[in-house]
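Have a look at the model first, then read on.

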Amino acid sequence: METPRSADPCTPSPCDVVTVPARQGLETVDILRRGPGDTVGPVLHDEGGDTLGFVVPAGTAAAWDVPGSTCTRTDGRGLRLAPEPPVEGSDWLVPPDEADLATDPAALRRALGEAARTIEAADSCR
């Protein structure tokens, strides 16, 4: 069964951003890219490489409850998806020109869970 990205483009309408630790975020991007369909939207990473931010449709923050992550509303400021990163000190891991739609929150939730389990399993083998 294909899980499509959200059909709501984020330009110029507001979007929310789910922020996760970089290790879990990188694993999540890999999981989403391996999945059926085109399920990963634009992804930001911070300058220090500590976190990744997944662009999701506006309104996602209202019901976001995934442990280890936060979902921030843009409060109508409108996250503009342009080649230059919207936040100083960040850069695109998955640029908007490669993925111009927001990541489907349900697909992101599942991939974050799978990534957390994968990381936990890998760490328990050390």
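## Ground rules

Buried means under 20% relative accessible area, exposed means over 50%, and anything in between is partly exposed. One caveat before we start: this is a predicted model.

## Salt bridges

How many salt bridges does the structure hold? Two. One of them pairs Asp123 with Arg23, with the closest N and O atoms 2.8 Å apart. That pair links distant parts of the chain, since Asp123 sits in helix α2 (residues 105-124) and Arg23 in helix α1 (residues 22-34), 100 residues apart. Arg23 has a relative accessible area of 41%, so it falls in the partly exposed class. Asp123, at 34%, is partly exposed too.

Arg109 and Asp65 also meet through their side chains in a salt bridge, at 2.7 Å from N to O. Arg109 belongs to helix α2 while Asp65 is in the loop between β3 (51-57) and β4 (70-72), so this pair ties together parts 44 residues apart in sequence. What about accessibility? Arg109 counts as partly exposed at 33%, whereas Asp65 comes out exposed at 55%.

If you were hoping for aromatic pairs, though, a search of the whole structure turns up zero.

## Nonpolar cores

In soluble globular proteins, nonpolar side chains tend to be buried together. Here the largest nonpolar core has 20 residues. Those with the most contacts inside it are Val18, Leu32, Val43, Phe54, Trp64, Leu108 and Leu112. β1 (15-21), α1, β3 and α2 each supply at least two residues of this core, and α2 gives the most, with five.

Which residues does Val18 touch, leaving aside its neighbours within four places in sequence? The list includes Leu52, Phe54, Val56, Trp64, Leu108 and Leu112, along with Gly53, Ser69, Thr70 and Cys71.

## Cysteines

A disulfide is a covalent bond between the sulfur atoms of two cysteines. How many disulfides does this model have? The count is zero. As for where individual cysteines sit, Cys71 is buried, with a relative accessible area of 17%, whereas Cys125 is exposed at 69%.

Conventions: Residues are numbered from 1 along each chain as its sequence is written. This is a predicted model: local features need pLDDT of at least 70, side-chain atom pairs count only at pLDDT 80 or more; totals for chains, interfaces and linings use all residues. Side-chain values use heavy atoms; hydrogens and water are left out. Rings of Phe, Tyr and Trp (its six-membered ring) pair if their centres lie within 6.5 Å; planes under 30 degrees apart count as stacked, over 60 as edge-to-face and the rest as tilted. A salt bridge is a side-chain nitrogen of Lys or Arg within 4 Å of a carboxyl oxygen of Asp or Glu. Helices (H or I, at least four residues) and strands (E, at least two) are DSSP runs, numbered from the N terminus. Buried means under 20% relative accessible area, exposed over 50%, partly exposed in between (1.4 Å probe, protein chains only). A disulfide is a pair of cysteine sulfur atoms within 2.5 Å. A nonpolar core is a set of buried Ala, Val, Leu, Ile, Met, Phe, Trp, Tyr and Cys residues joined through side-chain atoms within 4.5 Å. Contact means heavy atoms within 4.5 Å.
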